[in-house]
Amino acid sequence: MKKKNPSGKGRLRRERGIHLFFFSVAFASITVLGLILVFLFMEGIPIFKDVSFKDFLFGKYWYPTDDPPDFGIFPLVIASISVTALSSLISIPLGVMTAVYLAECASYRVREWVKPAVELLAALPSVVIGFFGMVVVAPFLQDVLDIPTGLNLFNASLMLAFMSIPTICSISEDAIFSVPKELKEASMSLGATHWETIWRVILPASISGVCTAVILGMSRAIGETMVVLMVAGGATMIPTSIFDPVRPMPAGIAAEMAEAPFRGDHYHALFATGIILFLFTMLFNLAADYISNKYRQVGSATL
Amino acid sequence: MKSRPTVMFVLSLYLCFAATNVWAGNIAIKGSTTVLPIAQKIAEIYMKQNPDVKISISGGGSGNGIKALIDGSTDIANSSRFIKSKEVKLAVEKGTYPVPFAVAYDCIVPVVHPSNPIENLTLAQLRTIYKGEIKNWKQLGGHDRPVVVISRDTSSGTYEVWHKIAMENERVFPGALLQASNGAIVQAVSTNKNAIGYIGIGYMEPSVKALMVDQIKGSEETTLNGTYPISRPLYMFTAGWPERGTLKFINFVVHPQKGQRHVADAGFVPLY
């Protein structure tokens, strides 16, 4: 066989080379990510020598530089969860409804214009959104609602919603648009109205894509740093109203990391906060992965 | 044959030049963002007068500056606080001994929105405000408005001074808002009629109103004669007593007619 095809050996070698090349590229990038993860845990774990995991996660006071210090990140965790939840309440309906409009109602020309425009919103740097929230939205909220400060949970959620709407809208639109035509045609021919078709047929058929979109949008919100640092207010208290200032985990890390003494308790505590944050985002991504696999639609047969 | 001595000459000249460059040195400065504008201003003038010296300056905070000094990745660490005993210990373990040089004074001033009628607060009043015990400006003789307390992140040097002097080491209550820089505090206070914050005097702007503390106005004079309570020295640290280029630069910085003249330009209080 080798004799029949003189170039076969060379081709085979080249093929193997290319294999090796791609393998090493993939291996390198995964290794780097893995090492970052190892570093995160190495720098974060030592805090648990001084503070028990329970006191760290559920402690109500965060006074890292006091003597003796208090390392309780419960207010930060609650802040992250509440900001993410509130921003999802705003961004999910808006994002999904925009996606339904674009995929189902909008004319071809409108769709071709609006979709890139929405996706362009995702390109807005978060610091710009944060600045907008700080300079425009905060004074506006203060004056209109007569609240003590405009830098609060609500403002941060609003800004985060702006950031996650493009993600949610764009991915859900893809999912909704790719629902097979025959499903829609079948539904219509049975006498269902357009609305009934959207609600009963198209949305259920695209639910896996929409859920993935929602979770990716939420994980963007929980990991976002600049916006919450600028507009959430930064108080380390457990909020009692949506107009209280809060400090989500990323804001806490960003604000304090620069001046925390190297390899000190404070430094380790900030890395440990990073671990908790990482666990949250990983949970979101695993959920997205699980849902997109479990409810995957294969053609029209599985509806 | 003729070209060889020329080459040698050029080479030795180059080596000489390279060597002097090493002696005159590139000076790396890193650390506190509070000291940054002072270092920048003085380094600019120093480099103009000594064109063979290159000074690279970066921020990152007092902690990071001292960290870099201990690592040996910087020649001078800017710090808005004195070195901590933990950091000294770490440095000594690594075989260096950090030496402090006071280069200027910072004066920290409580600020409110210009529409706030209050002119003076006592240190005790400031303390109760920051402990979250005063909820309304009416309690201090102001308008009937809620008090919004703005503080700095707990690891900043400005917070540390505030915590030590104004708070007498008591805790700022958890409901206080946090801003990560002097500029951000000015921004937040100028857009909120209810707010009170504190900033370095170098960041004072007409969009916010400075308050007197114990009837004393924060200024250059009151800082230097020690009557204004909330002031602090700012430092440059070197690893061991400075040598050569670094020594020359430090001497320039603390010289009353040279470096110190420009401290005021950067918005701080000079030593003399």
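How many helices and how many strands are there in chain B? I counted 10 helices and 11 strands in chain B, taking helices (H or I, at least four residues) and strands (E, at least two) as DSSP runs numbered from the N terminus.

Before going on, I noted that this is a predicted model, in which local features need pLDDT of at least 70 and side-chain atom pairs count only at pLDDT 80 or more, while totals for chains, interfaces and linings use all residues. Residues are numbered from 1 along each chain as its sequence is written, and chains are lettered from A and ligands numbered from 1 in the order in which they are written.

**Chain B as a whole**

I looked up the extent of chain B and found that its C-alpha atoms fill a box of roughly 95 × 40 × 30 Å along the principal axes. Of the 272 residues in chain B, 46% are buried, where buried stands for 20 or more other C-beta atoms within 10 Å of a residue's own, exposed for 12 or fewer, and partly exposed for values in between, with C-beta atoms placed from the backbone. Among contacts in chain B between residues at least 6 apart in sequence, I noted that 71% join residues at least 24 apart; a contact has C-beta atoms, placed from the backbone, within 7 Å.

**Two residues with positive phi**

I then turned to B:E168, a residue other than glycine whose phi is positive, near 45°. B:E168 sits in the loop between α6 (157–166) and β7 (177–179) of chain B, and B:E168 is exposed, with 10 other C-beta atoms within 10 Å. For B:R244, also not a glycine, I found phi near 45°. B:R244 belongs to helix α9 (residues 244–254) of chain B and is exposed, with 12 other C-beta atoms within 10 Å.

**The core**

I next looked up the largest nonpolar core, which has 139 residues, and those with the most contacts inside it are A:A156, A:V227, A:V231, A:A232, B:V149 and B:I150. Such a core is a set of buried Ala, Val, Leu, Ile, Met, Phe, Trp, Tyr and Cys residues joined through C-beta atoms within 7 Å. Helix α6 (residues 153–177) of chain A gives the most to this core, with 14 residues. Leaving out residues up to four places away in sequence, I listed B:I129, B:Y130, B:G132, B:A176, B:L177 and B:I196 as those that B:V149 touches.

**Where the chains meet**

The contact takes 30 residues from chain A and 28 residues from chain B. On the side of chain A that touches chain B, the elements giving two or more residues are α5 (126–145) and α11 (249–257) of chain A, and α5(A) has the largest share, 4 residues. By class, I found 18 nonpolar, 8 polar and 4 charged residues on that side of chain A; Ala, Val, Leu, Ile, Met, Phe, Trp, Tyr, Cys and Pro count as nonpolar, Asp, Glu, Lys and Arg as charged, and the others, Gly among them, as polar.

**A helix pair in chain A**

Lastly I looked at helix α3 (residues 74–105) and helix α9 (residues 207–223) of chain A, whose axes come within 9 Å and cross at roughly 140°. The contact includes A:S80 and A:T84 of α3(A) and A:V210 and A:V214 of α9(A). I noted that the residues of this contact divide into 7 nonpolar, 7 polar and no charged.

How values were computed
Axes fitted to C-alpha atoms, helices over the stretch in contact; angles between N-to-C directions. Contact = placed C-beta atoms within 7 Å.
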